[in-house]
Every structure is written in C-alpha cells, then in structure tokens.
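Visitor: I'd like to talk through this model, starting with its aromatic rings. Can you set the terms before we look?

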Amino acid sequence: MPGPLPEGDPAPRDGALPPAALVDVGKRGFGVYVHVPFCASRCGYCDFNTYTATELGGGADQAAYADTVLAEIALAARVLDGAAPAVDTVFFGGGTPTLLPAADLARVLDGLDKAFGLAPDVEVTTEANPESVTRESLTALRRAGFNRISLGMQSARPHVLTVLDRRHRAGRPQAAVAEAREAGFAHVNLDLIYGAPGESADDWQASLDAVVAAGVDHVSAYSLIVEDGTRLGRQVARGELPMPDDDVLADRYLQAESTLTAAGLEWYEVSNWAATDQARCRHNELYWRSGDWWGFGPGAHSHVGGIRWWNVRHPTAYAARLVDSESPAHAREVLDDGTRHVEDVMLQLRLADGLPLASLDSAGLAAAERACDDGLLEAAQHAAGRAVLTLRGRLLADSVVRDLLA
Ligand SMILES: C[S@@+](CC[C@H](N)C(=O)[O-])C[C@H]1O[C@@H](n2cnc3c(N)ncnc32)[C@H](O)[C@@H]1O
Ligand code: SF4
C-alpha cells in the first residue's frame, strides 16, 4: 500500500493561499492534473494511490467521483479568484482514468473550462489502460476535447505482462493505438517498463519493435522500480524474484535509445522520446520547468506561486472534506530558494536542453567540469554554458545530479 504523506505545515481549511503566491501564477505555464484513483486490479509492482472496488468498499464510489472533483474545481476557482491564466495543459492520470465513463471525464474537462478557461492550444491528455478503452469511448473522449492519450503497454511479451500482473493481452495496446488514431488522436504515447524479472534482451527488443511498428509519436520507457510494500517488493524480499540488475538496466536503456532513435524518435527527457517537438508531453515539461499546477483528487500534489500542497490520500476522506465544503489539502510547504534550486537541478538536468551552468554554485561548476572531463556532460554544450548529459551521462543521471549539488 502507498506510504505515508510527507509532513509539511497544516493547510488552512478554506484552502486560501497567501496573496503573494497569487501575483505571478502561470508565469511558467499553468497546468491541471486530475487524479483518478481507481483500477480494475492492482499490478504487483505499483504503489500509486489507487484502489480496486474491493479495497474501497461501498464508501467511495466511482459514480460520484466526477462530481467530487467538480467540487474541488469550484474551490480552486474561489481560491485563485481570477489570478490564474487560461489552462495550458490538462492531464488525467491514475489509477485508470478511463475506468470512468468518457462522459464523466468530459464533464470534469468542461468544469475546468468554465472555472479557468482552457487556452486555445490546450493539451488534454488522459492515461489509459489498453483494455479500458474502446472505439466508442476514444471517439467520445476526442469529441470532448482530449487530444493526447497515453497507453500503458509495458511489454509486448505475454510472460512479462504476467509477471507485471497486467490485465491486457499482448497486441491489445497496438490495437488501441490504431483505434485512437482512427478516433482522431494526433498524439499517442505508449509506456514501456524494462528490467522485469525474466525479461530477456530479445523480449525487450520485441517491445521496442512493437512500439515503433505501432507508429506512436511518443514513448516513455522506465526501468522497473521495486517499491517497498508492493506484492513485487515482497516477492523480491523473499527471494522468489530477482532484483533488476543495474548493468542489465543500462544495456536495456542503450537498446531503447538506439531502436527509438533509428525510428526517428528523439530523447527530450532521460525516459521520454518524441517524434517531433509538438509530440512532447507539454504537461510533464511544465512540471520539469517548475510551472504552476493544481492537482485535483486524493493524494494529488499542487504547486502554485512557490507553495506546494498535497491532498488527503484516501478517496473517502477526500470526498468527506469536499462534502463539508472544506479544502481536501492535507498539508503544505513554502518552497525556499535552496529547495527550488535542488529541484531545478534534479529535473532540468534530465532534459535534453539541460540546465544553464550559471545556475550552479562554485562547487557545482567544478563538478560540472569534472563530469565533462569524464564524458558525462556534452563538451560543446559545456563550452556554451549549459550542462547537458551525454548518453553515458544519461545512464548515470542520478549520480551526476548528486555531484552537481554536493
Ligand atoms: C501509475 S500508471 C497510470 C496509468 C495506467 N494505469 C497504466 O498502468 O498505464 C502510469 C505508469 O507508471 C508506471 N509505473 C507504475 N509503477 C511503476 C514502477 N514501480 N516501476 C516502473 N513503472 C511504474 C506504469 O506501468 C504506467 O505505465
Ligand atoms: S493499472 Fe496502472 S495505476 Fe493501476 S495498479 Fe497497474 S500500474 Fe498502477
């Protein structure tokens, strides 16, 4: 089960933000995240804040969920009181947003439009499990204004899908991509996971070849993280399944890079490849560049004007707060300059654009020079004043970040 929320300071019951936080909202973009905390079953590796019908019991039903989120949207409109610009990006994530009827997702999107306005070129994404969409639901989502879909494929091989506890059959993700294209989605992402127990280099190559053949314009590939408290975590702890090996993970990453690049997809963040600039996920870019966003739903995090807060985690507690016309925020913190700097370096170094050397202190500059000598940062970019990871640097991104911040 998900771990405890971070501490932070108590959040006010009306959700009010200090006036100073409202001055420049959206200067680096304004996004909205809507968390949908329901799944048909829980994958053994996943520790996201999501619940199956049996875990939730009758108390927090999916049928009422859209109205509960609409209540938080009304609260956000009161708190922001016109200070936010039109929404640049909307991202429905989960959980499995597409377990809700398309009409419910459409109603939430409409509520956001009425509360804040959607920018004329707004990006509207939903995550979806391949087995949770149909031609009809995809067409309804497209009609409602969704223009990007992110499907959780994970692998092309049945035995890998089984070890990951996925419900869909091999081949279904590619069929869902074709249906999304027919429904008019210009932007389609497939998520892959590498390093699952029992996955060979051939298995991984089959998955990479399958996403290329599916003709998507975006691919996310993440190594399998073994999270404490998950079924997979327990299986690994008991020695029933092996921990993913770091050298194998590095090989898998290199395999992804060469296959995806050869197919015309270019990395723009360590784990993300896109066919064109327009195909990049603008919502994630807004996070990585520390824009402002309001996260709706249980456990969702928000960041507005240098204040970060997070909602109560359980759907029942979330709904109860809103029924009482109270903010569902559990706690919050003011980001000081030091925290912002650490986060900027952590997030921006993972981007193909890198980060300006001018943002580093003298120890960080010395570390960047060493990383450049070690072939972890691009020499030409370094000379031009930016820290940009080389391919080898991407394999060691976390340790480069640690060095730049030491
Ligand atoms: C939380 S899911 C939500 C969307 C949808 N339910 C799905 O599974 O595709 C988003 C992505 O996170 C990935 N993910 C979740 N837990 C992970 C882990 N422990 N290691 C790597 N990827 C993980 C999922 O596989 C999925 O592609
Ligand atoms: S379907 Fe997605 S969100 Fe749900 S348990 Fe599996 S990985 Fe997690």
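Guide: Rings of Phe, Tyr and Trp (the six-membered ring for Trp) pair if their centres lie within 6.5 Å; planes under 30 degrees apart are stacked, over 60 edge-to-face, and the rest tilted. This is a predicted model, where local features need pLDDT of at least 70 and side-chain atom pairs count only at pLDDT 80 or more, while totals for chains, interfaces and linings use all residues. Residues are numbered from 1 along each chain as its sequence is written, chains are lettered from A and ligands numbered from 1 in written order, and side-chain values use heavy atoms, leaving out hydrogens and water.

Visitor: How many aromatic pairs does the structure hold?

Guide: The count is 11. One of them is Y253 with W273, a tilted pair at 5.6 Å centre to centre and 45 degrees between the planes.

Visitor: Where do Y253 and W273 sit?

Guide: Y253 is in helix 9 (residues 246-262) and W273 in strand 9 (residues 272-274), so the pair links parts of the chain 20 residues apart. Helices (H or I, at least four residues) and strands (E, at least two) are DSSP runs, numbered from the N terminus.

Visitor: Are Y253 and W273 buried or exposed?

Guide: Both are buried. Buried means under 20% relative accessible area, exposed over 50%, and partly exposed in between, with a 1.4 Å probe and protein chains only.

Visitor: What kind of pair do Y287 and W293 form?

Guide: An edge-to-face one, with 4.6 Å between centres and 65 degrees between planes. Y287 is partly exposed at 22% relative accessible area, whereas W293 is buried at 13%.

Visitor: Which residues do ring pairs link into a cluster?

Guide: F38, Y65 and Y318.

Visitor: Switching to ligands. How many residues surround ligand 1?

Guide: 17, and the closest are G95, N129, R166, D191 and I225. A residue is near a molecule if one of its heavy atoms lies within 4 Å of it. By class, the shell has six nonpolar, seven polar and four charged residues. Ala, Val, Leu, Ile, Met, Phe, Trp, Tyr, Cys and Pro count as nonpolar, Asp, Glu, Lys and Arg as charged, and the others, Gly among them, as polar.

Visitor: How much of ligand 1 does the protein bury?

Guide: 90% of the 540 Å² that ligand 1 exposes when taken alone. Areas come from the Shrake-Rupley method with a 1.4 Å probe; for residues, only the protein chains shown count as cover.

Visitor: And which residues are around ligand 2?

Guide: C39, S41, R42, C43, Y45, C46, G95, N129 and R166.

Visitor: Where is R166 found?

Guide: R166 is in the loop between helix 5 (158-163) and helix 6 (172-183), and is buried at 13% relative accessible area. Its C-alpha is 8.7 Å from that of G44, 122 residues away along the chain.

Visitor: What about the peptide bond from G94 to G95?

Guide: It is cis, with omega near 10 degrees. G95 belongs to the loop between strand 3 (87-94) and helix 3 (102-116). Most peptide bonds are trans, and most residues other than glycine have a negative phi.

Visitor: What is the phi of D81?

Guide: Near 45 degrees, a positive value in a non-glycine residue. D81 lies in the loop between helix 2 (65-80) and strand 3, and is exposed at 65%. S290 also isn't a glycine, and has a positive phi of about 55 degrees. S290 counts as partly exposed at 21%.

Visitor: Last one: in which sense do strand 11 and strand 12 pair?

Guide: Antiparallel, over four bridges, with strand 11 at residues 301-304 and strand 12 at residues 307-311. Strands pair if DSSP finds at least two bridges between them. H303 has R308 in strand 12 as its bridge partner. In this hairpin, with two residues between the strands, G305 takes a positive phi near 55 degrees. S302 lies in strand 11, and its side chain reaches the backbone nitrogen of G295 at 2.8 Å.

How values were computed
Polar contact = N/O pair within 3.5 Å; in protein donor to acceptor, adjacent residues only side chain to side chain.
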